[in-house]
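This report walks through one protein model, moving from the whole chain to its inner space and then to single residues. Please keep the sequence and the structure in view while reading.

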Amino acid sequence: MIDHKAQNRIGPFDNSRHSALIKVGVTDGLGILGITNGLYNEKAIMNTIFSSYAKTIPRSPTLSVFSSTNPYIPLRPIYNVSFRTGKNIGNSISSSRRSVFAAFSSSMATEGLRESSSIQGSESFFRSVLGSMEAVYLNRNPTAKAIIDLVHSVDNDSICYDHFAFRTFGVYGHGIDSMAQFFHEFGYSEREELRFPAKKLRALWFSPPSTHQSEVGTGVNGPLPRVFISELLVDQMSPEAQRIIRKYTEFSGLGNKHAALASAIGSLTWEKPTYSEFQQLASESEYAAWTLVNGYALNHATISTHRLRSSLRHISGLNQFIEENGFKLNSEGGTLKVSPDGLLQQSSTVADSIPFHFADGVTESVPCSYIEFAERLVLPQYSHLPEEEVKEVHRRDGFEVGNADKIFESTSKDQLTRRAA
């Protein structure tokens with residue numbers, strides 16, 4: 001049956017460019033609106049969704065349903081409904097047992113979204129999307145899940161995220177902006193650019209809206225994380241690498257318009273690559289090879305160590321605790337990466353590997369994601385504050401090129417080989 005309580009968490013929608021995820025069928029708890037997984041009539045479900053939401057949307061967006069039974073098969077539109085008439089304008093679907101996802105994509109005038117992002121319904125939806133990204137990430141990366149559970153087990157500690165990070169291809173609109181658009185629409189602000197010439201990368205980080213900086217809650221229900229999005233400067237790659245990347249991003253079509261959706265449901269927006277093409281990219285850029293097989297998946301989530309309440313709140317102690325429990329940390333430049341001012345300290349695990357079924361029939365392990373840890377120390381001008389009065393605004397903000405350059409190596413072949421040793 002349909003969970004009508006979800007309706008209050010989604011709407012009403014405002015007059016802005018807005019995308020909302022609605023799940024039909026239950027798969028790993030992803031999405032917003034769910035029904036029991038079994039034999040059902042999708043057309044009846046679409047009619048129910050239409051009748052529930054048609055009055056809340058001021059224009060006439062199209063409801064598109066996508067099949068997503070395999071995380072590595074690109075989204076396939078299988079059903080479309082016009083909200084203007086409720087008339088079926090796509091292919092009808094027979095009753096079946098499967099999981100399908102729907103995406104409201106309404107192109108409306110961009111107007112005052114930062115103010116509307118304070119609306120509870122919009123915030124609930126936004127956090128639900130982050131939760132879906134997190135769920136895909138934890139399902140694919142057992143190390144990240146095990147460490148979060150381990151840290152949580154110490155004094156029943158709460159986990160707050162410092163930032164989420166994504167990788168992209170800087171070509172055909174598939175770069176930073178493709179993922180940043182979603183966060184912009186919910187009040188995030190662009191902050192600083194970072195450049196990594198040796199890796200042919202650039203990155204931007206984004207700060208969350210200050211109105212959402214709750215000091216309570218855990219995970220995606222706690223303080224909203226910063227967002228760090230990087231892109232490969234494709235035009236600086238070799239002609240062969242450019243050919244491969246352009247080939248698959250062209251396959252994606254308008255997939256770059258749905259980067260957040262792809263991340264939330266764990267799907268590539270382009271066709272599966274061949275193993276030979278993956279190897280070709282890996283020989284030139286491990287970042288490129290990673291992005292080819294992982295797409296817009298969450299590259300890493302970062303635990304904010306100073307927000308922990310237990311003895312692990314200092315990153316040096318947390319690193320020791322993690323290694324004592326058998327986990328390998330990224331050793332590039334030392335396990336602890338420290339900014340020149342000494343106020344930003346970071347570390348990370350080595351990425352997990354997962355089997356990937358390539359288009360040419362080869363199945364090989366590929367690097368997936370990892371988990372990072374960050375401690376932001378108090379700025380000198382606030383050093384006089386009692387510890388209980390120190391807030392996030394009193395701590396070192398931003399990112400550091402030297403630290404981030406070494407953190408990127410968490411998915412490198414050298415680190416993965418060291419982990420396997």
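## The chain as a whole

Of the 421 residues of the protein chain, 56% count as buried, where buried means under 20% relative accessible area, exposed over 50%, and partly exposed in between, with a 1.4 Å probe and protein chains only. This is a predicted model, in which local features need pLDDT of at least 70 and side-chain atom pairs count only at pLDDT 80 or more, while totals for chains, interfaces and linings use all residues. Residues are numbered from 1 along each chain as its sequence is written, and side-chain values use heavy atoms, with hydrogens and water left out.

The protein chain has 13 helices and 14 strands, both taken as DSSP runs numbered from the N terminus (H or I over at least four residues for helices, E over at least two for strands). Among its contacts with a separation of 6 or more, 71% join residues 24 or more positions apart, a contact being heavy atoms within 4.5 Å. The accessible surface of the chain comes to about 17600 Å², and 50% of it belongs to carbon and sulfur atoms; such areas come from the Shrake-Rupley method with a 1.4 Å probe, and for residues only the protein chains shown count as cover.

## Space inside

Three cavities of 30 Å³ or more are present in the structure. On a 1 Å grid over the protein atoms alone, a cavity is a set of points where a 1.4 Å probe fits but cannot get out, and its lining residues have an atom within 4 Å of a point. The largest cavity holds about 120 Å³ of space, a volume being the space filled by probe spheres set on grid points that are joined across faces, edges and corners. Its lining has 17 residues, of which F228, H300, E372, A404 and I407 are the closest to the centre.

Which elements each supply at least two residues of this lining? They are β5 (161–169), β8 (226–232), β14 (370–376) and α12 (401–407), and β5 gives the largest share, with four residues. By class, the lining has eight nonpolar, six polar and three charged residues; Ala, Val, Leu, Ile, Met, Phe, Trp, Tyr, Cys and Pro count as nonpolar, Asp, Glu, Lys and Arg as charged, and the others, Gly among them, as polar.

## Helices and their residues

Helix α10 (residues 286–294) is mostly covered, since eight of its nine residues are buried, including W290 and L292. Just after α10, G295 takes a positive phi of about 60°.

N319 sits in helix α11 (residues 315–324) and is buried, with a relative accessible area of 5%. Leaving aside neighbours within four places in sequence, N319 touches L329, T335, L336, S347 and F373. Q181, in helix α6 (residues 176–184), counts as partly exposed at 37% relative accessibility, and its C-alpha atom is 8.7 Å from that of K257, which lies 76 residues apart along the chain.

## Loops with a positive phi

Y172, found in the loop between β5 and α6, has a phi near 55°, a positive value in a residue other than glycine. K200, in the loop between β6 (189–196) and β7 (201–207), likewise has a positive phi, of about 60°, although K200 is not a glycine. Y172 is partly exposed at 41% relative accessibility, and K200 is partly exposed at 28%.

Conventions
On a 1 Å grid over the protein atoms alone, a cavity is a set of points where a 1.4 Å probe fits but cannot get out, and a pocket is an open set with protein on both sides within 12 Å along at least five of seven lines; lining residues have an atom within 4 Å of a point.
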